[in-house]
Amino acid sequence: MKKIYIQGIVYLLLLASVLFLPHKPAYIQDITKNIPSTDFTITTEWYQFLIEPFTGIPDYFLSFRQAQKQALSWLFWLFIFSIFFSIILKKERNIVKILSQYYSFLIWFFITITFVLFFPLPKYYISQNNQNFILVDFHSHTFFSHDGIVTPEESQKWHRIHKFDAFYITDHDRNFYRRIQKKLANHLIRPIMLPGEELSDTTGSHYLALGLERSIFDQKNRNITFFSSKIHKKNGVILAAHWWQEKAIPLASLLKSSIDGFEIFGHEKKYIDNETLSILMSFCRDNKLAAIAGTNWHGWGTRNDLWTYIAVDKNIKKTKSKYLNKFIVETLSSPDSSKISGVLTITNNQTYSHSRIFFEPFYGLYYYITGQTTLQRIFFVFWVILLTLLVSIFLKNKELKRHTYIIFAILFFTLFLSFFFKWLHVSSLNKTLLALSGFYLLLSAMLVGKSYFLSLRKSPKSTSSQ
Ligand SMILES: [Zn+2]
Ligand SMILES: [Zn+2]
């Protein structure tokens with residue numbers, strides 16, 4: 001009995017210590033000016049406080065800058081924790097039971113990841129202190145890309161949540177803008193969907209071709225000189241996408257090919273380092289090129305922390321897509337574009353050192369907590385206590401365990417069906433939706449299996465304990 005009291009006190013003290021950590025709030029950084037933005041702030045709605053961990057945890061996972069390494073670090077520590085839990089705490093010696101423990105951990109890991117990727121509420125909203133700007137996303141994908149998982153309507157909804165006034169659809173080497181517009185029928189629905197395409201050349205570099213309603217991709221002429229002359233003839237603009245990742249073509253050669261600008265920031269496999277960022281920004285400034293950002297959203301997760309703002313007069317906000325597109329394209333190709341536009345992101349100055357990556361779950365928790373206000377921490381502690389209670393009930397009750405696994409199996413089966421039927425609409429173009437539906441079918445089978453094994457184990461124990 002005494003041991004339980006001590007454990008309880010340690011647990012409560014640990015939770016209480018959360019309230020005394022320093023507060024380092026996230027804020028909007030104007031990347032172009034390299035200062036915190038005075039025109040934009042982030043806000044949190046009252047209901048977001050109430051459900052703090054449900055918006056905060058997805059926000060944390062989706063803010064990864066070195067996603068693969070940070071995720072690997074998590075898997076490593078989960079493995080250590082699962083070994084610690086089964087061998088030290090539960091004094092388990094049977095290898096099958098230890099592995100089965102890890103199997104349960106993996107199932108819960110995938111449940112968490114599913115939640116992170118598909119939970120519909122973001123942690124923050126961006127708000128404008130004055131109405132002198134429009135917010136534009138220059139880079140986003142739909143399920144018409146081989147690797148996108150959302151319909152154009154879903155993309156529009158996501159952009160609306162993140163307060164964009166306009167967004168370009170830039171599917172890989174194809175442009176279905178007219179087909180999409182016909183279906184949507186209403187050109188005035190906000191935010192305004194604008195026509196674009198992400199072109200890939202033979203070096204593996206990508207370009208955003210903006211402003212045209214038809215694809216200019218040509219399998220035989222996959223090079224920047226061809227792309228650029230073709231798009232300029234049709235009054236569009238072309239920008240280098242995530243140049244820092246491939247660096248396949250030197251900046252000077254791109255300038256020679258009449259490129260109109262660069263993406264200077266974004267969430268890619270390779271994150272842009274500060275040095276490359278400043279090289280790119282001064283290159284754009286010196287050569288009067290546009291410097292923009294794109295979310296490159298493919299449909300995963302609800303978080304966004306990237307916007308490009310453009311100074312406008314108020315009337316343009318109410319305009320139709322055709323005129324807005326013309327205005328934006330003209331802005332990007334004008335020599336003044338760097339003076340009237342800029343890139344915003346959310347930050348709270350985290351470190352990404354080697355030790356952070358190795359100890360990611362610990363650093364991550366620290367940054368997550370220090371980013372919270374006192375009220376958010378109180379709700380966080382409340383949810384941790386509630387979840388601890390639920391988990392302890394769950395662990396003791398085999399029937400409850402079985403039913404929980406079945407509920408998740410049904411949920412994942414529904415996800416399987418929804419991704420599968422979505423895939424049928426674009427089966428010749430898209431690979432990811434089919435793979436995703438297969439993954440959820442497998443996960444649903446894993447849960448049914450888990451529940452079945454529990455029912456096998458249940459009968460002898462429950463009779464002996466009664
Ligand atoms: Zn790309
Ligand atoms: Zn892309």
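Residues are numbered from 1 along each chain as its sequence is written, while chains are lettered from A and ligands numbered from 1 in the order in which they are written. The C-alpha trace spans about 80 × 50 × 40 Å along its principal axes.

The average pLDDT (the predictor's confidence in each residue, from 0 to 100) is 91, and 97% of the residues score at least 70. Over residues 460-466, pLDDT stays under 50, and the model has 0 contacts there beyond four places in sequence. Where pLDDT is low, the predicted coordinates should not be read in detail. Two residues are in contact if their C-beta atoms, placed from the backbone, lie within 7 Å. Among contacts with a separation of 6 or more, 74% join residues 24 or more positions apart.

The secondary structure comprises 18 helices and 13 strands; these are DSSP runs numbered from the N terminus, with helices (H or I) of at least four residues and strands (E) of at least two. An open sheet with mixed pairing is formed by 11 strands in the order 2-1-13-12-5-6-7-8-9-10-11. Its edge strands, strand 2 (35-36) and strand 11 (290-293), each pair on one side only. Strands count as paired if DSSP finds at least two bridges between them. Strand 10 (residues 261-265) pairs with strand 11 in the parallel sense over 4 bridges, and Phe 262 stands opposite Ala 291 in strand 11.

A residue is buried if 20 or more other C-beta atoms, placed from the backbone, lie within 10 Å of its own, exposed if 12 or fewer, and partly exposed in between. By this criterion 33% of the 466 residues are buried. The domain bounds come from an automatic or database domain assignment. The centres of the two domains, taken over C-alpha atoms, are separated by 34 Å; the contact takes 5 residues from domain 1 and 8 residues from domain 2.

Three loop residues were examined. Arg 222, between strand 8 (206-210) and helix 8 (224-233), is partly exposed, with 16 C-beta neighbours inside 10 Å. Leaving aside neighbours within four places in sequence, Arg 222 is in contact with Asp 201 and Thr 202. Asp 173 lies between strand 6 (166-169) and helix 7 (177-184) and has a positive phi of about 50 degrees although it is not a glycine. Asn 235, between helix 8 and strand 9 (237-241), has a positive phi of about 65 degrees and is exposed, with 12 other C-beta atoms within 10 Å.

How values were computed
This is a predicted model: local features need pLDDT of at least 70, side-chain atom pairs count only at pLDDT 80 or more; totals for chains, interfaces and linings use all residues.
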